[in-house]
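Subject: Structure for your review

Dear colleague,

Please find below the sequence and structure that I am handing over to you. A short account of the findings follows.

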Amino acid sequence: MILFTDEFKLFFNDLALQEIADKCLHISLDALNVNNGNIPKWTIALDELEAMPKGRIELNGPYISMVESRLNHEILVSSFKRLLPWRKGPFMFNNLKLESEWQGDLKWKRLQNHITPLKNRRVLDVGAGNGYFTLRMAMEGAKKVLGIEPFLLFNYQHAAIKSLVDNEINAMLLPIRLEEMPKSAIFDSVFSMGVLYHQKNHMEHLLQLKEMMAPDAELILETLVVDGPKGYSLIPEGRYAQMRNVHCLPSVDTLKSWLADANFNNIKVVDISKTSPQEQRRTEWIGDNAASLEDFLDPSDPSLTKEGHPAPTRVIIICHN
Ligand SMILES: C[S@@+](CC[C@H](N)C(=O)[O-])C[C@H]1O[C@@H](n2cnc3c(N)ncnc32)[C@H](O)[C@@H]1O
């Protein structure tokens, strides 16, 4: 990703972000400098997209969208296909709908009216995937939105979208894990969505989020939960909804107690929703292994996963430092 350093300098040209700039740059360059057999294929996609005319992205319904009549449809399709699977989105370029597995707009709608407006805030989006939400946050007028996401493909997808855009977007995605971030309490809003259940140590994750938060900053936490009293958590043996790395699903009251133990204040549950097949669905943009939610549930009882656990339900909690 050749243009990385230029974009980085522009983004980190901010008094508070300067504090963490050098360390973030080193960690990111190290992460990008790995042996990954897919990098040549992903680089071809980026080069092809980079050579195309650029346009303005804006929101068009659920899509982060761009209209630019000179875009070559066939090249767009083949480049985006080199970057499969598209889990997060959706995006649209002219009339090409890049329908991701997740219909991200539905999650955004569930939280949008509950969060402190992002205008002029510094935002950290932890476990940002390809940055669909990172871009949505920037589109809400945030001063800076830093997305961190260790999975390299998602960083390439983000670069692919950005390579087609000519409006200034105050968002950047870096290949950094939360635990590697230089600790600095500079962010006004911190998002951790779909990340907590992937952590072996949930308290450590909550405390690391807290360390990045400015005084009075807001945490938006979204994670899988199960029914049950305070103190109850499901620790799946083996897979959960076919996912391998799911460590712990607390009840809502257990999760609230974890947040209280981590010294968060004003802990408010703003949404609890069962994941629907409209939100997580099979699409042609997730590639050969096109399984999605409906394939992960028990065909005779969709209230259970194939492993016999309660089907995915997600909570959104907002709290303060
Ligand atoms: C289920 S996805 C959620 C993506 C997006 N936030 C959303 O809500 O749709 C979780 C992402 O978190 C990333 N992740 C997992 N552990 C992480 C960590 N310790 N630090 C940063 N990202 C992490 C994974 O690579 C994955 O892409």
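In what follows, Ala, Val, Leu, Ile, Met, Phe, Trp, Tyr, Cys and Pro count as nonpolar, Asp, Glu, Lys and Arg as charged, and the others, including Gly, as polar. The model is predicted, so local features need pLDDT of at least 70 and side-chain atom pairs count only at pLDDT 80 or more, while totals for chains, interfaces and linings use all residues. Residues are numbered from 1 along each chain as its sequence is written, and side-chain values use heavy atoms, with hydrogens and water left out.

The structure holds one cavity of 30 Å³ or more (a set of points on a 1 Å grid over the protein atoms alone where a 1.4 Å probe fits but cannot get out). This largest cavity contains about 50 Å³ of space, the volume being that filled by probe spheres set on the points. Its lining (residues with an atom within 4 Å of a point) consists of Lys88, Gly89, Trp102, Gly104, Lys107, Phe133 and Glu279. Of these lining residues, two are nonpolar, two polar and three charged.

A polar side-chain atom of Lys107 is 2.5 Å from a ligand oxygen atom, a polar contact (N or O atoms within 3.5 Å). Ligand nitrogen atoms lie 2.7 Å from a polar backbone atom of Gly127 and 2.9 Å from a polar side-chain atom of Glu179.

Yours sincerely

How values were computed: A polar contact is a pair of N or O atoms within 3.5 Å; within protein, one must be able to donate a hydrogen and the other to accept it, and residues adjacent in sequence count only if both atoms are side-chain atoms. On a 1 Å grid over the protein atoms alone, a cavity is a set of points where a 1.4 Å probe fits but cannot get out, and a pocket is an open set with protein on both sides within 12 Å along at least five of seven lines; lining residues have an atom within 4 Å of a point.
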